[in-house]
Amino acid sequence: MKPSASRRFWLGWDRLLAGIAALNLAWVIFDVTYVPLRNFWLQRTLFPLPSISLAVPLPWLPDITPLYDPVKGIEPHQDTDAYIKHFQRLESAAAASGINSPAAKQLRLEMVVRNSQLIDENPFVSSDKTGTLEKIKSRLRARAGMDSAKQSAAHLLGERYLTDERWEAERRFWRKSILPLASTNYWRGTDENGQPIDLSWRIDLPFQILFLLDIMLRAIRLKQRYPAIAWRDALLRRWIDLPLLIPFWRLLRIVPVTERLSSARMIQLEPLRAAVSRGVVAVLALELFEVITLRILDAAQDAVRSPHWPEKIRRLCSHQSIESDGERELAELLRLWLPLVLTQVGPGMRPQLVALVSHALRRNLEETAIPAPLRALPGMGKAETQLSLQLSTGLVDSLLNLSRNAGDRFAQKDPMLQELGIQAIDRFWEELAKTLEQGPVLERSQELVAAFLEDFKRSSMNQLRFQKDVDELITELDGLNFSAEATQTKPLA
């Protein structure tokens, strides 16, 4: 059946909103990880193994830090920015008049001073990048072969070492090894509450307004489909969309986004959901069954150990367990079941009853009625069999005729018979309770029944715990499900 135009429109709308929600989730992941991964976005270089100096440059990625740093309140740090710009001036002076020109020498001396100030003041503390300064010092020491980072910088920029021939190699060293580390430092402002500045809400606000509009539209659609539903209940049906509206815990948006993509039939999550739920249900079912079984057995033990056990037995009487104006369920149940057992179940077992009674009579004749010398006569065994069969057939038929007559009597609604049956059952419970109260059997019975329940509890729990693990249960469930599917899809002959 071809869907209507309205249904196609709303399906397209749901898919559009699901795509926008997925785009918003991708931006949220980028926004949350931007500050921790700012070095990657700044240098656009991937280090797959940090323990090894292996770098994979990604020059095709755009430099987004100038655009997104203001969103996070990030500005270049004054000290490290001045450090980088001073080296750039040194490069310009060396390119214009040589590295050993008076202007270049003055800039080299100032660079040495700035390097010492950088090490002493450590401006990387403000951005939690103290390890970056240690990397700069380590690379300077390794380049100069000295133990002091300050002396290493003075040596690398000194007149004895730095010549026109070496300048190009040293310039590349500073450009690739020192300045990129210095450029990762930044300064981030704080708001009135002392929290780091974060203006990402300005980007997220239009998405939130659109999601709120969609939630209202979904509530209206549900109200039109089910007019009796209250507006509050219609809105609460979309509780899963709450992470789309709150400005915190934004990574939880993966839940409503996944639900929207699945409901819009843009992704298929049913196999994954079924696999996960099957495992969870299997684990919870075992734990829940153990808890319920223990609670039932513990309650039974408490009831047995109670000194009011005879009183609880007495409550089984009909005049205490059933209201006077209500139907006597026990009597009605007996009236329904006894005729079935006596008129149908019993006669249906006639061949088995005849064989059982015949065997018992024959054994009795062999042991008591016929002496051993007579049993040796020819045909005596066959006669015993015939005799026992005739006796058993007559006995069973007589009992079955009696049971049919009794069943017919019970099937008739006889008030006197019902009253006598109820009185007999009530008298049984009353006499049992009285006997337990007056005699020494109560305490011993309580001990035995409680011990039996305790043994049953331990054995059943151990058997349940060691019977099968969750993986075996899931495998068995899969086999049953797949076998059922194969049987249903099997063509008929």
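Start with Asp14 and Arg218, which form a salt bridge whose closest N and O atoms are 3.6 Å apart. This pair joins distant parts of the chain: Asp14 belongs to helix H1 and Arg218 to helix H9, 204 residues apart. Both Asp14 and Arg218 are buried. Keep in mind that you're looking at a predicted model.

That bridge belongs to something wider. Asp14, Asp214, Arg218, Arg221, Arg238, Asp241, Glu259 and Arg260 are linked in a network of salt bridges. Across the structure, there are 22 salt bridges.

How do the axes of H1 and H9 cross? H1 covers residues 5-34 and H9 covers residues 201-225; their axes come within 11 Å and cross at roughly 150 degrees. Angles over 145 degrees count as roughly antiparallel, so H1 and H9 are roughly antiparallel to each other. The crossing of H1 past H9 is left-handed.

Now compare that with another pair of helices. H6 (residues 130-144) packs with H8 (residues 164-183) at an angle of about 165 degrees, and their axes are 9 Å apart. H6 and H8 are therefore roughly antiparallel too, and H6 passes H8 in a right-handed crossing. Here are the two pairs side by side:

| Helix pair | Distance between axes | Angle | Source of the values |
|---|---|---|---|
| H1 and H9 | within 11 Å | roughly 150 degrees | computed from the model |
| H6 and H8 | 9 Å | about 165 degrees | computed from the model |

Back to salt bridges, with two further examples. The side chains of Asp204 and Arg253 meet in one, at 2.6 Å from N to O. Asp204 sits in helix H9, while Arg253 sits in the loop between helix H10 (231-236) and helix H11 (254-263), so this pair ties together parts that are 49 residues apart in sequence. Are these two residues buried or exposed? Buried means under 20% relative accessible area. Asp204 has 3%, so it is buried, and Arg253, at 0%, counts as buried as well.

The other example is a local one. Lys85 and Asp81 meet in a salt bridge of 3.1 Å, N to O. Both lie in helix H4 (residues 78-97), four residues apart, which is about one turn of the helix. Lys85 is partly exposed, with a relative accessible area of 43%, and Asp81, at 26%, counts as partly exposed too.

Most residues other than glycine have a negative phi. Which way does phi go for Asn122, positive or negative? Asn122 isn't a glycine, yet its phi is positive, at about 50 degrees. You'll find Asn122 in the loop between helix H5 (102-121) and H6. Asp128 lies in the loop between H5 and H6 as well, and its phi is also positive, near 55 degrees.

Finally, check out the surface. Leu46, Leu49, Leu54 and Val56 form a nonpolar patch there, with about 300 Å² of accessible area together. One of these residues, Val56, is found in strand S2 (residues 56-57). Val56 is partly exposed, with a relative accessible area of 34%.

Conventions
Residues are numbered from 1 along each chain as its sequence is written. This is a predicted model: local features need pLDDT of at least 70, side-chain atom pairs count only at pLDDT 80 or more; totals for chains, interfaces and linings use all residues. Side-chain values use heavy atoms; hydrogens and water are left out. Patches are made of residues with over 30% relative accessible area and no salt bridge: like charges are joined within 9 Å, nonpolar side chains (Val, Leu, Ile, Met, Phe, Trp, Tyr) within 5 Å. Accessible areas come from the Shrake-Rupley method with a 1.4 Å probe; for residues, only the protein chains shown count as cover. A salt bridge is a side-chain nitrogen of Lys or Arg within 4 Å of a carboxyl oxygen of Asp or Glu. Helices (H or I, at least four residues) and strands (E, at least two) are DSSP runs, numbered from the N terminus. Buried means under 20% relative accessible area, exposed over 50%, partly exposed in between (1.4 Å probe, protein chains only). Axes are lines fitted to C-alpha atoms, for helices over the stretch in contact, and angles run from 0 to 180 degrees between N-to-C directions. Angles under 35 degrees count as roughly parallel, over 145 as roughly antiparallel, 65 to 115 as roughly perpendicular and the rest as oblique. A crossing is left-handed if the near helix is turned anticlockwise from the far one by less than a right angle, and right-handed if clockwise.
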